[in-house]
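Please look over the sequence and the model shown below before reading on.

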Amino acid sequence: MNSSKKIFIVVMIMVSCLGKTLFSAEIEQDIPLSSIPLKVTTAAQQEISALQLMEAAKITDDNGDVIYELEGTKDTVTYVIQVDNDGKVIKSGPEKDFEEERAERQLSTLPANVREAVEQSQEGIRLTGFATEVEGGQLIYEVKGIADGQCYEIEVTQAGQVLETEKCD
């Protein structure tokens with residue numbers, strides 16, 4: 001094999017790996033409670049009896065695996081329960097226990113080009129977390145961070161284009 005073919009193959013492998021690193025992410029989609037599979041709802045109610053469900057999200061990872069994240073209240077405490085597609089409870093507990101873990105996990109999966117776009121658009125920002133949503137068929141990153149003592153939320157496309165920057169409420 002000549003050297004130009006070897007170089008081409010190495011470059012293609014590198015681009016393939018880089019693409020997976022830059023564009024891998026979980027997709028979280030809010031869903032109506034009526035869309036939750038029965039076995040998922042049943043598992044959540046068995047995990048925390050008398051839980052009043054309020055919100056639900058469907059999280060799909062790069063491999064197509066689905067986790068349902070259900071939020072509800074019981075005795076004035078808000079709980080979160082994560083259940084897989086087969087109805088197996090993955091994790092449950094008070095909502096406050098999930099917040100810090102979500103931020104850490106999510107920041108490690110933020111694509112490099114999205115991170116760079118946010119850092120360029122808001123100088124000195126310290127990222128605190130992000131969420132994704134699909135708008136008009138396009139994956140949008142809603143990145144939160146703090147700069148100059150102020151909280152910001154910046155919407156960025158998968159390609160790294162900043163759509164909107166606003167101060168948090």
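## Glu71 and its surroundings

In this predicted model, Glu71 is in contact with Gln52, Leu53, Met54, Glu55, Thr78, Tyr79, Val80 and Glu95, if its neighbours within four places in sequence are left aside; a contact means that heavy atoms lie within 4.5 Å. Glu71 belongs to strand β3, which covers residues 66–74, where helices (H or I, at least four residues) and strands (E, at least two) are DSSP runs numbered from the N terminus. Glu71 has a relative accessible area of 16% and is therefore buried, since buried means under 20% relative accessible area, exposed means over 50%, and partly exposed lies in between, with a 1.4 Å probe and protein chains only.

## How the model is described

Residues are numbered from 1 along each chain as its sequence is written, and side-chain values use heavy atoms, with hydrogens and water left out. Because this is a predicted model, local features need a pLDDT of at least 70 and side-chain atom pairs count only at pLDDT 80 or more, whereas totals for chains, interfaces and linings use all residues.

The pLDDT is the predictor's confidence in each residue, from 0 to 100, and the protein averages 81, with 79% of the residues scoring at least 70. Over residues 3–24 the pLDDT is below 50, and this stretch has 13 contacts in the model beyond near neighbours in sequence.

## Overall make-up

The protein contains 4 helices and 9 strands, and from the N terminus on its elements follow the order α-β-α-β-β-β-β-α-α-β-β-β-β.

In helix α2, which spans residues 38–47, the residues Val40, Thr41, Ala43 and Ala44 are buried. These residues cover an arc of only 160 degrees around the axis, which puts them on the same side of α2; the arc is that of the directions from the helix axis to the C-beta atoms. On the other side of α2, Leu38 and Gln46 are exposed, while the cover over the buried residues of α2 includes β2 (52–60), β3, β4 (77–84) and β5 (89–94).

As a general rule, an α-helix has 3.6 residues a turn, so residues three or four places apart point the same way.

Val114, which is placed in helix α4, is buried with a relative accessible area of 0%. Leaving out residues up to four places away in sequence, Val114 touches Tyr141, Val143, Val156, Thr157 and Gln158, and the C-alpha atoms of Val114 and Gly160 are separated by 4.7 Å although these residues are 46 residues apart along the chain.

## The nonpolar cores

A nonpolar core is a set of buried Ala, Val, Leu, Ile, Met, Phe, Trp, Tyr and Cys residues joined through side-chain atoms within 4.5 Å. The largest one has 15 residues, of which Leu110, Val118, Ile125, Leu127, Tyr141 and Val143 touch the most other members. At least two residues of this core come from each of α4 (112–121), β6 (126–135), β7 (138–147) and β8 (150–157), and β7 gives the most, with 4 residues.

Ile125 touches Val118, Glu119, Gly145, Ile146, Ala147, Tyr152 and Ile154, not counting residues up to four places away in sequence. A second, separate core of 14 residues includes Leu51, Leu53, Ala56 and Leu70.

## An aromatic pair

The structure holds 1 aromatic pair. Rings of Phe, Tyr and Trp (its six-membered ring) pair if their centres lie within 6.5 Å, and planes under 30 degrees apart count as stacked, over 60 as edge-to-face and the rest as tilted. The rings of Phe130 and Tyr141 have centres 5.7 Å apart and planes at 50 degrees, so this pair is tilted. Because Phe130 lies in strand β6 and Tyr141 in strand β7, the pair ties together parts that are 11 residues apart in sequence, and both Phe130 and Tyr141 are buried.
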